[in-house]
Amino acid sequence: MEHLRGFIFCICFFILAALNGSVEASKQFKVGDHIGWQQPGANNTEVYTQWATSKRFHVGDSLSFEYQNDSVLVVEKWDYYHCNINKPISSFDDGNTVINLDRPGLFYFISGVPDHCKKSQKLMIQVMGLHQRAESSPGIPNTPEVGLAPGPHPSSSGIVVTVTLTSVFLALILTVVTMV
C-alpha cells in the first residue's frame, strides 16, 4: 500500500513539473512578410512600422530578412533615427539573414544601401521576455517609441477567478494521498 502511494505521488509530481515549466515554442518571423526586406514604395513608407506593431516578439524568436542587392545592419538607436550606416553593431549581406532575438528590449535594423534607410527601409522592434503559456501571457506594455498598443485588461466590473490545471492536479494528489 505504501509503495502505491509513493508511486502515485511521483507520477503526479512529474506531471505537475511538466505543466509548470511549459512555454510556447520560439517563432521565426519573415520581416515584411510577402514583400521581404526592400526599399518601400513612396506610398507605403510605414510598411515595416506597421509590420512590427502587428507582431509580438519574445526572447528566443528570430527574424528572417530575405532580400536581393541589399543588406541588413543592426544599429544603435541614434544610428537608426539618423540612418547612419557607418557604425553598425552587425552587418549582413548574404540575402537571407536570420537574427536571433536573445534579449528583451528594443532592436534597431536599417538597410546598408545608401538612402534606403532615409526612404523608410528600417525596422524597430520591441522584444518581450520568454514566451509564456497562454493563460499567463502578459500583455505588451504601451511603448510610445514603438507605438504598440497595451494588452487587454480584465473588466473592473467583475471578479476574475483563475483556476489553473496545476491547482486541479494538486487537489487531485491530495485527495488520492489522503484516501490511500
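This is a predicted model: local features need pLDDT of at least 70, side-chain atom pairs count only at pLDDT 80 or more; totals for chains, interfaces and linings use all residues.
Trainee: Let's do the aromatics. How many aromatic pairs are there?

Mentor: The structure holds 8 aromatic pairs. Rings of Phe, Tyr and Trp (its six-membered ring) pair if their centres lie within 6.5 Å, and planes under 30 degrees apart count as stacked, over 60 as edge-to-face and the rest as tilted. One of the pairs is Trp 37 with Tyr 48, which is tilted, at 5.0 Å centre to centre and 55° between the planes.

Trainee: Where do Trp 37 and Tyr 48 lie?

Mentor: Trp 37 lies in the loop between β1 (28-30) and α2 (47-53) and Tyr 48 in helix α2, so the pair ties together parts that are 11 residues apart in sequence. Both Trp 37 and Tyr 48 are buried.

Trainee: What about Tyr 80 and Tyr 108?

Mentor: Their ring centres are 5.3 Å apart and their planes stand at 50°, so that pair is tilted. The pair links distant parts of the chain, with Tyr 80 in helix α3 (residues 77-82) and Tyr 108 in strand β7, 28 residues apart. Tyr 80 is buried, and so is Tyr 108.

Trainee: Which residues do ring pairs link into a cluster?

Mentor: That cluster consists of Trp 37, Tyr 48, Phe 65, Phe 107 and Phe 109.

Trainee: Which charged side chains lie over the face of a ring?

Mentor: Arg 103 lies over the face of Phe 107, at 4.1 Å from the ring centre, and Lys 122 lies over the face of Tyr 80, at 4.7 Å from the ring centre. A charge sits over a ring if NZ of Lys or CZ of Arg is within 6 Å of the ring centre and within 35 degrees of the ring normal.

Trainee: Switching to pockets, what is the volume of the second largest pocket?

Mentor: The second largest pocket has a volume of about 150 Å³. On a 1 Å grid over the protein atoms alone, a cavity is a set of points where a 1.4 Å probe fits but cannot get out, whereas a pocket is an open set with protein on both sides within 12 Å along at least five of seven lines, and lining residues have an atom within 4 Å of a point. Grid points are joined across faces, edges and corners, and a volume is the space filled by probe spheres set on the points.

Trainee: Which element gives the most to the lining of that second largest pocket?

Mentor: Strand β7 gives the most, with 3 residues, while β4 (72-75), β5 (90-92) and β7 (105-111) each supply at least two. The lining includes Arg 103, Phe 107 and Tyr 108, and its residues divide into 8 nonpolar, 1 polar and 3 charged. Here Ala, Val, Leu, Ile, Met, Phe, Trp, Tyr, Cys and Pro count as nonpolar, Asp, Glu, Lys and Arg as charged, and the others, Gly among them, as polar.

Trainee: Last one, is Ser 64 buried or exposed?

Mentor: At 5% relative accessibility, Ser 64 counts as buried, and this residue lies in strand β3 (residues 62-66). Not counting residues up to four places away in sequence, Ser 64 touches residues including Phe 29, Val 31 and Val 98.

Key
Residues are numbered from 1 along each chain as its sequence is written. Side-chain values use heavy atoms; hydrogens and water are left out. Helices (H or I, at least four residues) and strands (E, at least two) are DSSP runs, numbered from the N terminus. Buried means under 20% relative accessible area, exposed over 50%, partly exposed in between (1.4 Å probe, protein chains only). Contact means heavy atoms within 4.5 Å.
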